[in-house]
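Me: Hi! I'm about to look at a structure that is new to me. Could you walk me through it?

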Amino acid sequence: MTSEQLIELTKELIDRATHFDLEYVIKAYADNLLIVKVDENGVVDTMNKEQLVSFIRENRDSNADPISSKTEYHYAVCDENMGMVVITRELVFDGKLNRKFFTVIWEYLSGRWQIVKESAVVRY
């Protein structure tokens with residue numbers, strides 16, 4: 001996969017996940033997923049696949065409005081079975097704008113590309 005193809009895959013992920021496409025999310029994220037989020041005070045929070053799926057399911061079932069998919073792509077690199085995309089996302093939670101740097105690590109597992117790690121850090 002090329003870096004450009006990895007960016008396109010990430011764009012599809014963001015579009016489908018922000019619209020709470022549960023089946024897509026289950027396939028796109030690896031079973032051993034680890035998401036690490038660091039807030040503006042340096043407090044670390046983690047999430048696994050089960051927690052992410054629960055979040056997506058709750059939003060889908062409550063007919064929540066889609067999350068913003070506004071994304072700026074900074075960097076992507078990919079080799080035969082692993083890739084990384086660095087982006088900025090603009091998200092609104094509890095009425096507050098959050099700009100965050102995300103690093104998304106993809107790996108080719110079980111015949112498809114899946115996200116194995118993701119980190120998010122507040123961007124000022």
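Me: Which residue is the bridge partner of V36 in β2?
Reply: T46 is the bridge partner of V36. Strands here are DSSP runs of E with at least two residues, helices are runs of H or I with at least four, and both are numbered from the N terminus. This is a predicted model, where local features need pLDDT of at least 70, side-chain atom pairs count only at pLDDT 80 or more, and totals for chains, interfaces and linings use all residues. Residues are numbered from 1 along each chain as its sequence is written, and side-chain values use heavy atoms, with hydrogens and water left out.

Me: Thanks! And what stands opposite I35 in β2?
Reply: That is M47.

Me: How many bridges join β1 to β2?
Reply: Four, and the two strands run antiparallel. Two strands count as paired if DSSP finds at least two bridges between them. The hairpin of β1 and β2 has five residues between the strands, and G42 there takes a positive phi near 85 degrees.

Me: What is the strand order in the open sheet?
Reply: The six strands go β2-β1-β6-β5-β4-β3, with mixed pairing. β2 (44-47) and β3 (71-78) are the edge strands, each pairing on one side only. From one strand to the next, the twist averages 20 degrees.

Me: Which strands does α1 touch?
Reply: α1 packs on the sheet and touches β1, β3, β4, β5 and β6 (contact means heavy atoms within 4.5 Å). The direction of α1 makes about 135 degrees with that of β3. Axes are lines fitted to C-alpha atoms, for helices over the stretch in contact, and angles run from 0 to 180 degrees between N-to-C directions.

Me: And where does α3 lie?
Reply: Across β1 and β2, running at about 80 degrees to β1.

Me: New topic: which residue forms a salt bridge with K49?
Reply: D31 does, with the closest N and O atoms 3.0 Å apart. K49 is in helix α3 and D31 in strand β1, so the pair ties together parts that are 18 residues apart in sequence. A salt bridge is a side-chain nitrogen of Lys or Arg within 4 Å of a carboxyl oxygen of Asp or Glu.

Me: How many salt bridges does the structure hold?
Reply: The structure holds 10 salt bridges. Thanks for asking!
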